[in-house]
Amino acid sequence: QLLSGLHSVYGLAALCAPLCASGFRWIGFGWRGAFAVLALFPLLTAIVASRRMASQRLSSRSEATVPLN
């Protein structure tokens with residue numbers, strides 16, 4: 001089921017990326033500008049995901065060190 005979700009997201013991105021790039025070209029961006037703007041989305045997603053994983057690790061460590069009385 002996880003692979004099905006992965007493949008569906010890949011298919012959706014394969015459909016949306018050229019449409020978004022064409023839209024950026026239509027408003028006046030060059031292909032490099034369109035690529036740079038589209039590259040920001042995965043970069044921001046990676047940053048947010050890594051911060052959430054780090055905060056979850058910290059919260060699980062603090063819960064494990066609380067003494068039970």
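Select Cys16 to begin: with a relative accessible area of 33%, Cys16 is partly exposed, a class that lies between buried (under 20% relative accessible area) and exposed (over 50%), computed with a 1.4 Å probe on protein chains only. This is a predicted model, in which local features need pLDDT of at least 70 and side-chain atom pairs count only at pLDDT 80 or more, while totals for chains, interfaces and linings use all residues. Residues are numbered from 1 along each chain as its sequence is written, and side-chain values use heavy atoms, with hydrogens and water left out.

Now widen the selection to Ala13, Cys16, Ala17, Cys20, Leu38, Phe41 and Pro42, which line the largest pocket. A pocket here is an open set of points on a 1 Å grid over the protein atoms alone, where a 1.4 Å probe fits and protein lies on both sides within 12 Å along at least five of seven lines; lining residues have an atom within 4 Å of a point. The volume of the largest pocket is about 150 Å³, taken as the space filled by probe spheres set on the points, which are joined across faces, edges and corners. Its lining consists of 7 nonpolar residues, with no polar and no charged ones; Ala, Val, Leu, Ile, Met, Phe, Trp, Tyr, Cys and Pro count as nonpolar.

Colour the helices next. The protein has 2 helices and 0 strands, defined as DSSP runs (H or I of at least four residues for helices, E of at least two for strands) numbered from the N terminus. Both α1 (2–26) and α2 (31–64) supply at least two residues of the pocket lining, and α1 gives the largest share, 4 residues.

Finally, select Phe24 and Phe29. The structure holds 1 aromatic pair. The ring centres of Phe24 and Phe29 are 5.4 Å apart and their planes stand at 80 degrees, so the pair is edge-to-face; rings pair if their centres lie within 6.5 Å, and planes count as stacked under 30 degrees apart, edge-to-face over 60 and tilted otherwise. Phe24 counts as buried at 18% relative accessibility, whereas Phe29, at 37%, is partly exposed.

Note on methods:
Phe/Tyr/Trp six-rings, centres within 6.5 Å; stacked < 30°, edge-to-face > 60°.
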